[in-house]
Amino acid sequence: MQPVSGDERPVSTPKRQRTAAFNGSVNGHADEDPFIGASPTKRAKSTPQKPRTATPAALKESGLKTPTHKSRAKALFSTPTKATAVSTPSRARNADLSAKKKSARLLLEQDEEDWDGADRLAEEILQDENGNGVVETVEDGDEATKTAATPKRRAGRPKGAKNKRSPTPEGELPAHERYFFQNRAGPPRTSNNNLNKVSLLTHEEYFEKMTQYADPCKNEKSFLLDIHRRSFSQWNFEFEQEFNICLYGYGSKRPLLQNFADWLYQKNGSAPPSIVVVNGHTPNISIRSIFATIVTAVLGADTPSKMGAQPIEVLELLQSSLKLRPSQRPITVLINSIDAPPLRRAANQALLARLAAIPKIHLLATADTPNYLLMWDISLRDQLNFVFHDCTTFAPFDTEFDVVEEVHDLLGRKGRRVGGKEGVAFVLKSLPENAQNLYRLLLTEIISMFDEGHNSDDEMDGGAGGNGDAKDEIGIEFRMLYQKATEEFIASSEMMFRTLLKEFHDHQMITSRLDASGMEILSVPLPRQEMEGVLEDLVLS
């Protein structure tokens, strides 16, 4: 310690005040401290009290005060610090903590069967850490730093989420309802593509493309056909056992039947059997023509000139002829596409079943549709007595299916079968001048009806003998066209007029139908644009 002069008073550093004694002395300068010698337990249980003595005079004179608690002290000077965006937790933070406590309590007390969306809100509140949803701003002078608040989601469905499919439904659903929810139908999808936009190929383009095409599975198809040829002897044995045969499977079986007919003919070279091949896919085939062909193969030169107008009469004639010829060898009948549209009717199938039931008729038929068995009931199956063989060939149905006509019907272009405008122009070049003038007159009258926008009264009623689409075609009456043709000196008689029309019918350049009154209506199966093109070529030529 340095000596202190009389004028200067010593200034001591204030220290932390210790526990005061019960007698009022401070820091043990008075009587003996009653805590000395006491056990630690009693010392720990005593409560410190504020000293009752006054502040020493030395501290008062120096201007120093007794240190106070940090929480109660007033800071005269403080170290400058950088302002932060987030301040001390305030009432908003306390509100968040209170909401978290309520959310936790709700999650613990919620009922699994009672779902009203409250648990989701509680989970969102608990996941919000450190009160990110509420922030405070601190202003420093004239500048204020603003914190970016979390963007709030607008009410309702967000934009662009109309067609989004959620993988799981809202809430708890049973297993079967969840399955149908996940496999529900999506939004309808439509396309602007239609068949009218398809451009058809001409004959030259079609044949050019077909000559350039090479089948990549040609070797496999030929190998499959060779496997089926090995069954020819089995089929012949089944014929001898008085069974009939039905071949089914994908692919055209027409080449296979032709090979079987050649095999039968070569097998019995000395006395070849009578073989009748029927193409059931031919559009104009009839049951009567089939029976008439078989009668001609049986009787030969003894075939009567009149067999009867009905198919049942021709079938009875065939049965009686075979009974009168006991030495007659069996007749092999090969029918391609027994389920084709011309033969698909129940009446035709019943007549074919009666034909197959004749002992000296060996019937081999092919079926191209998958539901061909629905044509026959139990009685017809017994009469047909079929043995079925799977003869899948994967060969294209070039002859069986008339795809060209079906496509033209879909496109509404019925006259494209003769090549459209180019085909009609090619045929007209080979016809005489009177035929060209008659066709020009017919086109002129029909185009004028298009311009007028109406048909004749009989034509509007619809044709009784025409097809379903005939009444949609504009045509001219036979008598009216004949009268105009005689006025222009195109045809001098009705016989000559019909002769010219026959040329048009043979080349499918015109169509005819009967209206409700029995009047014959003539029309051209071409669109108006092509009619105008053909008429322009006829006028310029």
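Before I start, a word on terms: a helix here is a DSSP run of H or I with at least four residues, and helices are numbered from the N terminus. I also remind myself that this is a predicted model.

**Entry 1: a charged patch.** Which helix gives the most to the negative patch? I found that helix α6, residues 203-212, does, with 3 residues. I then picked out glutamate 208, which sits in helix α6.

**Entry 2: aromatic pairs.** How many aromatic pairs does a search of the whole structure find? I got 18. One of them joins phenylalanine 260 and tryptophan 263, a stacked pair with 6.1 Å centre to centre and 15° between the planes. Both belong to helix α9 (residues 254-267), and because they are 3 residues apart there, about one helical turn separates them. I noted phenylalanine 260 as buried, at 0% relative accessible area, while tryptophan 263 is partly exposed at 27%.

Next I turned to tyrosine 482 and phenylalanine 497: their ring centres are 5.3 Å apart and their planes stand at 65°, so I logged the pair as edge-to-face. Tyrosine 482 is in helix α18 (residues 478-487) and phenylalanine 497 in helix α19 (residues 494-506), so this pair ties together parts 15 residues apart in sequence. Both tyrosine 482 and phenylalanine 497 are buried.

**Entry 3: a cluster.** Last, I found one aromatic cluster formed by Phe232, Trp235, Phe239, Phe260 and Trp263.

Technical notes:
Residues are numbered from 1 along each chain as its sequence is written. This is a predicted model: local features need pLDDT of at least 70, side-chain atom pairs count only at pLDDT 80 or more; totals for chains, interfaces and linings use all residues. Side-chain values use heavy atoms; hydrogens and water are left out. Helices (H or I, at least four residues) and strands (E, at least two) are DSSP runs, numbered from the N terminus. Rings of Phe, Tyr and Trp (its six-membered ring) pair if their centres lie within 6.5 Å; planes under 30 degrees apart count as stacked, over 60 as edge-to-face and the rest as tilted. Buried means under 20% relative accessible area, exposed over 50%, partly exposed in between (1.4 Å probe, protein chains only).
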